[in-house]
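Biologist: I have not seen this structure before. Can you walk me through parts of it?

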Amino acid sequence: MQVAVQGLSKAFGETAVLHDINLLVPEGQFCALLGPSGSGKTTLLRIIAGLEFADLGRVLFDSTDVADRSARDRQVGFVFQHYALFRHMTIADNVAFGLQVRERKLRPAAPVIKRRVAELLELVQLADYGARYPDQLSGGQRQRVALARALAIEPRVLLLDEPFGALDARVRKDMRTWLRGLQTKLGLTSILVTHDQDEALELADSVAVMEHGHIIQCASPQAIYDQPATPAVYEFLGGANRLTCRVSNGQLFVGDALLGSLAAADDAAADLYVRAHDVELLPTAPGTGLQGELLRLTWGGGMTHAQVRLQSGDTLEVDVPPWSSQGHSWLVGQAVTVRLRRYGVFGSLAGAHPAAFVGI
Amino acid sequence: MASLAQQRRTLPGFGLGLGVTITYLSLIVLLPLATMLLRSLGNGPAFWWQAVSSARVLAALRLSFGASMAAAAVDVIFGLIIAWVLVRYRFIGRRWFDALIDLPFALPTAVAGITLSALYAGNGWLGQYLEPWGIKVAFTRVGVFVALVFVALPFIVRTVQPVLQDLDKECEEAAATLGASRWQTFRQVLWPSLAPALLTGFTMALARAVGEYGSVIFIAGNLPRVSEIAPLLITIKLEQYDYVGAAAIGSAMLLLSFVLLLVLNLLQRRMLRVQR
């Protein structure tokens with residue numbers, strides 16, 4: 001089923017939490033709503049589920065407007081961050097709940113329910129846990145039970161509200177891979193709310209980045225990562241160095257150093273964003289790149305993190321891969337050259353973001 | 001037991017703590033109760049039986065326990081609703097209402113009794129409207145019931161409130177997205193958590209109501225065999241210097257209360273075991 005949100009706005013009292021939201025999730029696609037806390041992403045998900053209602057705008061399931069349908073009648077599978085399992089019921093009863101509460105005409109016969117529960121527990125790899133209680137399970141297992149419970153009603157769309165937020169890092173990673181596999185297998189339209197960029201980029205077919213109640217960019221994970229629409233997206237997706245730069249006669253300067261040519265408005269101040277792993281650290285080589293001094297080195301396992309002070313006065317974080325130094329060791333205080341391999345430039349005038357992306 | 005006490009603990013003091021507990025409970029609870037029991041049998045078991053099985057005493061015991069159970073039961077229903085409203089909704093004056101709940105705790109019971117009888121007397125604010133309908137509250141058994149409803153209410157509200165506060169709202173939302181109706185959500189998701197607390201509240205309300213004296217005697221009219229409660233009968237016996245007779249009724253009340261509390265506790269334990 002396709003989910004469409006059109007012109008949706010919502011305020012809690014005086015505080016507006018969503019402004020004119022438009023979103024389209026095609027059938028079978030996995031969409032992630034990514035944003036910091038307070039960006040309105042959870043409220044949007046709850047409105048789609050019918051747990052909250054919008055002041056303005058429409059929510060369409062395929063082509064039916066579901067605005068006045070309660071959560072009960074929307075047939076959505078909702079997975080909560082803190083599982084929301086029924087503690088006094090066994091795992092099997094939890095999973096069966098959605099079928100058990102159906103009115104008699106629509107309720108499957110007891111043996112059918114039992115078989116369905118067994119299938120679902122098999123699907124979430126908890127076949128032997130049916131007789132246990134939620135308190136006896138680990139966080140990851142509980143979330144899988146919550147998922148099985150949501151899937152039991154054969155939902156038309158799966159909504160996940162920070163489903164891995166309460167799990168520790170390793171379990172989270174396993175669950176992520178596993179969930180993506182399951183979603184592809186079931187072909188179920190899914191919407192995930194998260195503040196974890198890795199999770200969004202790895203899981204989703206499309207990512208909607210939200211801030212202050214707006215969707216500031218909605219695109220494929222790769223497009224979001226490679227061509228962030230605004231500095232905010234850059235900063236939200238793993239952070240980036242910001243350098244003040246200047247465009248003059250179609251040339252881009254950082255301080256006095258010429259970086260390259262750029263087709264943009266002339267004589268404009270601009271911001272340049274570059275991620276730490278898109279910067280190359282070289283021994284001094286005059287004329288090729290930006291000159292600076294090595295301020296600090298921190299060993300970080302795979303990458304060494306270097307901090308460089310440029311001649312322009314800006315400091316730059318650089319990730320140095322272990323194979324790049326070619327036997328030569330870096331010393332704090334030495335003069336270095338950095339080359340920016342991939343970066344984005346944004347006009348710093350308020351509101352105007354003539355973005356340009358340069359990649360080598 | 002010994003190994004339990006000998007284990008090293010972060011906070012020491014098991015021995016001392018247990019000692020204080022046993023001494024204190026013996027001194028404050030066990031000793032007076034034992035004295036009363038002994039006293040009640042002072043003139044032999046036959047006298048005890050005679051004192052307890054007279055028609056007047058039986059009627060008083062029946063009224064005391066019957067009205068208490070009825071009052072506690074009614075308070076369970078309305079106490080749950082009140083606690084629900086206070087926990088779940090935000091409205092002007094909520095804190096004020098919340099503070100009001102404790103008033104029956106704090107009020108001297110005689111004050112409550114006088115106020116209630118003034119309200120419900122034939123010419124009182126409420127009584128004058130009830131009387132034409134043939135509903136007599138003051139100076140009847142209904143009056144006893146009304147007074148007990150008043151004093152027992154806080155016990156229900158205050159035991160259910162924290163449980164309601166701890167309920168996970170997401171569980172109700174989960175039930176809704178799974179297609180459950182409001183009633184199904186209440187019955188299958190909320191009730192199993194609420195029931196043990198309600199039973200605790202019922203037990204405490206009942207215990208309080210059975211022992212209630214001050215608020216009841218003013219409104220009850222205290223007609224022997226009709227609207228006379230057991231605690232009052234004890235006072236009457238005492239005023240007649242019939243100490244053994246008073247102690248006999250007291251011990252009978254103690255016995256009945258003990259059996260009731262035991263049954264309620266067993267019931268609760270079973271309830272908690274069913275839901276682990």
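Modeller: We can go through a helix, a sheet, a hairpin and a chain contact. This is a predicted model, in which local features need pLDDT of at least 70 and side-chain atom pairs count only at pLDDT 80 or more, while totals for chains, interfaces and linings use all residues. Residues are numbered from 1 along each chain as its sequence is written, and chains are lettered from A and ligands numbered from 1 in the order in which they are written.

Biologist: Which residues of α6(A) are buried?

Modeller: A:Arg176, A:Leu179 and A:Gln183 are buried (20 or more other C-beta atoms within 10 Å of a residue's own, with C-beta atoms placed from the backbone; exposed is 12 or fewer, partly exposed in between). Helices here are DSSP runs of H or I with at least four residues, and strands are runs of E with at least two, numbered from the N terminus.

Biologist: Why are those three on the same side of α6(A)?

Modeller: They cover an arc of only 75 degrees around the axis, which puts them on the same side of α6(A); the arc is that of the directions from the helix axis to the C-beta atoms. An α-helix has 3.6 residues a turn, so residues three or four places apart point the same way.

Biologist: And what do they pack against?

Modeller: The buried residues of α6(A) pack against β3, β8 and α7 of chain A, where contact means C-beta atoms, placed from the backbone, within 7 Å. On the other side of α6(A), the exposed residues include A:Arg170, A:Asp174 and A:Lys185.

Biologist: Changing topic: what is the strand order in the open sheet of 4 strands?

Modeller: The order is β2-β1-β4-β5 in chain A, with antiparallel pairing; strands pair if DSSP finds at least two bridges between them. β2 and β5 of chain A stand at the edges with a single partner strand each, so one side of each has no neighbour in the sheet. Helix α1 of chain A packs on the sheet, touching β1, β2 and β4.

Biologist: Where does A:Val247 sit, on the covered or the uncovered face of β11(A)?

Modeller: A:Val247 is on the covered face, and A:Arg246 is on the uncovered one. A:Val247 stands opposite A:Ala268 in β14(A) and opposite A:Leu252 in β12(A). β11(A) and β12(A) form a hairpin with 2 residues between them.

Biologist: How many residues does the contact take from chain A and from chain B?

Modeller: The contact takes 18 residues from chain A and 16 residues from chain B. α2, β6 and α3 of chain A each give two or more residues to the side that touches chain B.

Technical notes
Contact = placed C-beta atoms within 7 Å. Axes fitted to C-alpha atoms, helices over the stretch in contact; angles between N-to-C directions.
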